[in-house]
Amino acid sequence: MQYDVIVIGGGMVGAATAYGLAKQGQKVLVLDGEDLTLSASKANFGLVWVQGKGWDHAPYAQWCQIATNLWPELSDELKATQVDISYQRRGGFDFCINEQEWQERESMMSALWKNTDGMFEYEMLNHSKLKKMIPEISKSVIGASFSPQDGHVDPLALLQALCKAMQNLGVTYMGNCLVEAITPTHGEYVVKGAKGVFTAGKIVLCAGLANGQLGEQLGMNIPVVAERGQVLITERLKPFLKWPTLNVRQTAQGTVQIGDSHEDVGLNDGTTPEVLKQIAQRAVLMFPLLSSVHLVRAWGGLRILTPDGNPIYQQSTSNPGVFSVTCHSGVTLAAAHAGPLCDWILGDSYLPVIEQFSMDRFDV
Amino acid sequence: MFKVLDDNHEFDTQISFDGKDHLVPSNITVAAAALLIGVKSIRETPVTGAKRMPLCMMGVCYECLMKIDGVGNQRSCQTLVRQGMVIERQIGATEVEAEYYEA
Amino acid sequence: MKPSYELLIIGAGPAGMSAACEAARNGVAVCVIDDQPEPGGQIYRNASRATDKQNQVLGKDYQQGKNLVDDFKSYGGEYYANASVWHVDANNQVGVIKAGKNYFISAKNLVIASGAQERAMPIPGWQLPGVMYAGAGQILFKGSGIVPTGELVLAGTGPLLLLLASQYLHAGVKIKAILDTTPKGRIVKSLDKLFSGVQGYEYLIKGASLLRHIKAAKVPYYKHVEGLCAVGVERVEKVSFASATKAGRKVANISLDVDTLLLHQGIIPNTRLARAAQCETTWDAQQSCWIVATNEYGLCRQNTYVVGDAARVMGAVASRIQGRLCGLHVAQSLTKVDSHSWQVWHKDLLKKLRKENAIRPFLDAVYQPADAYLIPQQDDVIVCRCEEVTLSDIQDAVRLGCQGPNQVKSYTRCGMGPCQGTQCSNTLSHIVAKQSNMPMAQVGELRVRSPLSPITLGQIADL
Ligand SMILES: Cc1cc2nc3c(=O)[nH]c(=O)nc-3n(C[C@H](O)[C@H](O)[C@H](O)COP(=O)(O)OP(=O)(O)OC[C@H]3O[C@@H](n4cnc5c(N)ncnc54)[C@H](O)[C@@H]3O)c2cc1C
Ligand SMILES: Cc1cc2nc3c(=O)[nH]c(=O)nc-3n(C[C@H](O)[C@H](O)[C@H](O)COP(=O)(O)OP(=O)(O)OC[C@H]3O[C@@H](n4cnc5c(N)ncnc54)[C@H](O)[C@@H]3O)c2cc1C
Ligand code: FES
């Protein structure tokens, strides 16, 4: 056996998992796709976020609490790579532009509070309170929910830092090595990729949207759904927005990232003028000062969703040692993937909440 | 370090460049006007503050970004001078100002 | 602007204007969008408004452009100047911004004739004030009538560099030196390509006369220039290089004081619009650039064309002919040309186009940039000027196992600034190719996304 674990996919999920496994002394190989293989990790919004996550599913709410509470530690560890990931956890906003949104938000937040046994902290702010914190906000925003537990990060720098950190711990990373076949032989797994054939005792599928198709080879029917989000990024501005919000955030470089749509368009990651218009309209409505700001780039990214939006962490029943990690919010969950999730993969004592993310839930 | 070749060109358009008034020919670009006036740089980069001048003059390199009539990061090589135009060097990132109202 | 057209043409250079005239002449309803204040494109920039002095300096080729521009001005279709295309997609949907307002146009047939751009020349110090592209020097003269004074040095390779030198000399501009970076032995090595190029002998005569003009003016001419650097603190002060004497002896460490350094190593197609429209590009090793895969009419796929220098560098005359072919093809596809006329006309144009293109392989071979000027030779040379990313930043990212240029971009920000990689994309791909030992075709290039020209959020928001 050449490796203890082969992680298939080197996106945010694969990189965090590989890093966590290496921290526990595993000999790990990461096989990743090509330069333009679909990658949510290079297209996302960079929020490390709990607001709204798991309001209708307590285990997910708890899992997000675990992840975001582990985040400061992860951020400290990654400093050794000297990649500045610009992680901040000062709190974040989600705006309401009408009474109905406010009502819905309020009940969502209180459901989330209940789901976390009161661990989730939040506050509903009316317009004048909000305006004290964000003077640039427009009158159209009637209020917002605020959680001091929310934050953001430079997701591209995070990916680089994880890639560097895992290699510093001895992980072998191989790009341009799409995996074609995985076969069980004599208690180990043989993985055939574009750059060769590799063996390991454990396999972790972290190939995002490709997990469905890879899992099939091993008798796992992982239901993955693609959902497009279009994102805009502006020219660099002098700092004006201290906090991230769900739709608008100013990055460490000064650019403003604006998102994001939810579209069911299959595997098309293009942009469309109509959606760009809607996104721009909402942003300008919230922050009129953005009206004269130049757009630098727009892109489409495909979210990796499951039928109920919650992660799937599943070990294959027919092929033990094969794990599938399929989830949205891989940025937020990075610290959980690099820690508790690895305990579960390695069969150590692990947090029971992880079992709540098996595919069994879809059988009922 | 640039001059108008044709003596018949009239310097009939008044522009303000970083607060100073200048007369330049009409129908020339702002970037050309900057070269004629002889400025040392038209912008400082938002990354390191390095000084820069235009590079391509055809709208593709974005090295000529300037603040023109109050709007930052405009390509001066694609903008013709106009009577009374107010041109400023682009120093670092653009500043946006909110129109504040009483909450 | 109307919400849809039978034929929408982007670019009013020789290719776009010719396509418009030909299509309109055959009864097609055409609209042309161009971002310059006047039609003409790069070569015939400002041709209809040029002063006597400009005409005199720019020569016969430029004046000939005036006829085409005049024809175009009365071609019978619509034309919008100062209008930039910021969005194109695979469905021929086009976003145009004019006078601060955004328009969406659906094009039954789309012709992209957006021309070429200067190839980057990432030498040490190329970001310093005082260093510009030679093409910029020419544009300043054509568009704004201004020329450099003070110590002027021209450096690089390619016909445009010599043409500009000759035009400057005509204008009475003093040139301190020409630094020719064409590698040694290129002409001899390229002679086999000349055989097929004899039909294009006019170009050779033209080239020879440019050289004679420069020689007669006694401009110091340094050959086989290596190690070119722009040196200075707040602006370029000196240019340093090594050169070879007539006898072939290498002379190192030459340094000249300079106020303006104009660089040039050929032009490459600006494929951004074509790629946004999802037209396929391929790596052309001979021209050292990406070209758009089209047939001779410029057709990429049904109803979408890329013509002239936007597809592959072919020069103004070939661009005019291909533009006409394309316009004719559109008319024929809309059944506005009877089959007999189509047969006669298109064959005639094809013959002319092939004759015109015959010289290209020779020119491409002679003026192919040296590797040392495509890939920076020193760690701290800036590759991405917008985000100030250096050669060593890129090499570090590749060492981490980057899959290709797009991954390097996400790690280093190379190509993320306002120009969106128009200046650095090819350099980046060259560096990745060399370091990871992959062919350019496999390495690929930075992905293109909207906006293709500047637009504000407010402009997008209130269409
Ligand atoms: C628009 C948008 C906004 C988002 N915003 C946020 C946010 O603010 N906060 C947050 O937490 N999350 C956000 N997300 C979600 C987050 O980006 C994803 O959850 C995360 O990036 C998923 O990472 P991944 O590694 O599972 O998938 P990916 O990033 O898609 O990575 C999959 C990897 O697998 C590789 N691969 C594919 N097939 C193979 C194969 N056969 N062999 C080998 N390798 C293969 C690919 O090359 C790729 O590198 C957002 C997503 C989108 C699209
Ligand atoms: C800087 C430069 C100088 C040159 N000088 C000479 C010379 O002196 N002699 C010579 O023989 N050849 C010269 N060439 C080559 C010559 O330009 C071409 O061979 C010829 O002009 C090609 O014609 P075209 O119609 O394909 O493109 P172009 O003439 O380049 O026309 C393209 C037009 O499209 C417009 N355009 C591009 N993008 C957009 C957009 N997004 N929205 C709206 N409009 C757009 C451009 O502004 C331009 O007007 C030069 C090239 C360059 C780049
Ligand atoms: S000088 Fe290149 S865009 Fe203006």
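**Salt bridges, backbone features and helix packing**

At 18% relative accessibility, R361(A) counts as buried, a term for residues under 20% relative accessible area, with exposed used for those over 50% and partly exposed for those in between (1.4 Å probe, protein chains only). The structure is a predicted model, in which local features need pLDDT of at least 70 and side-chain atom pairs count only at pLDDT 80 or more, whereas totals for chains, interfaces and linings use all residues. Residues are numbered from 1 along each chain as its sequence is written, chains are lettered from A and ligands numbered from 1 in the order in which they are written, and side-chain values use heavy atoms, with hydrogens and water left out.

The partner of R361(A) in a salt bridge is D308(A), with the closest N and O atoms 2.6 Å apart; such a bridge is assigned where a side-chain nitrogen of Lys or Arg is within 4 Å of a carboxyl oxygen of Asp or Glu. D308(A) lies in the loop between strand 15 and strand 16 (312–315) of chain A, and R361(A) in the segment after helix 9 (340–345) of chain A, so the pair ties together parts that are 53 residues apart in sequence. Here and below, helices (H or I, at least four residues) and strands (E, at least two) are DSSP runs numbered from the N terminus.

Another salt bridge within chain A joins the side chains of R303(A) and D260(A), at 3.0 Å from N to O. This pair links distant parts of the chain, 43 residues apart, with R303(A) placed in strand 15 (residues 295–305) of chain A and D260(A) in the loop between strand 14 (256–258) and helix 7 (273–286) of chain A. R303(A) counts as buried at 10% relative accessibility.

Over all chains, the count comes to 35 salt bridges. One of them is formed by R236(A) and E387(C), whose closest N and O atoms are 2.3 Å apart. R236(A) is located in the loop between strand 12 (225–234) and strand 13 (248–250) of chain A and E387(C) in the loop between strand 21 (382–384) and strand 22 (389–390) of chain C, so the pair joins two chains. R236(A) is buried, with a relative accessible area of 12%, and E387(C), at 8% relative accessibility, likewise counts as buried.

Chain B contains one helix and eight strands, and from the N terminus its elements follow the order β-β-β-α-β-β-β-β-β. Its C-alpha trace spans about 60 × 30 × 20 Å along the principal axes, and buried residues make up 55% of its 103 residues.

N176(A) lies in the loop between strand 8 (172–174) and strand 9 (179–185) of chain A and is buried, with a relative accessible area of 19%. N253(C), by contrast, is placed in strand 14 (residues 250–257) of chain C and counts as exposed at 75% relative accessibility. Elsewhere in chain C, the peptide bond from S450(C) to P451(C) is cis, with omega near 0°, and P451(C) itself lies in the loop between helix 16 (440–443) and helix 17 (457–461) of chain C.
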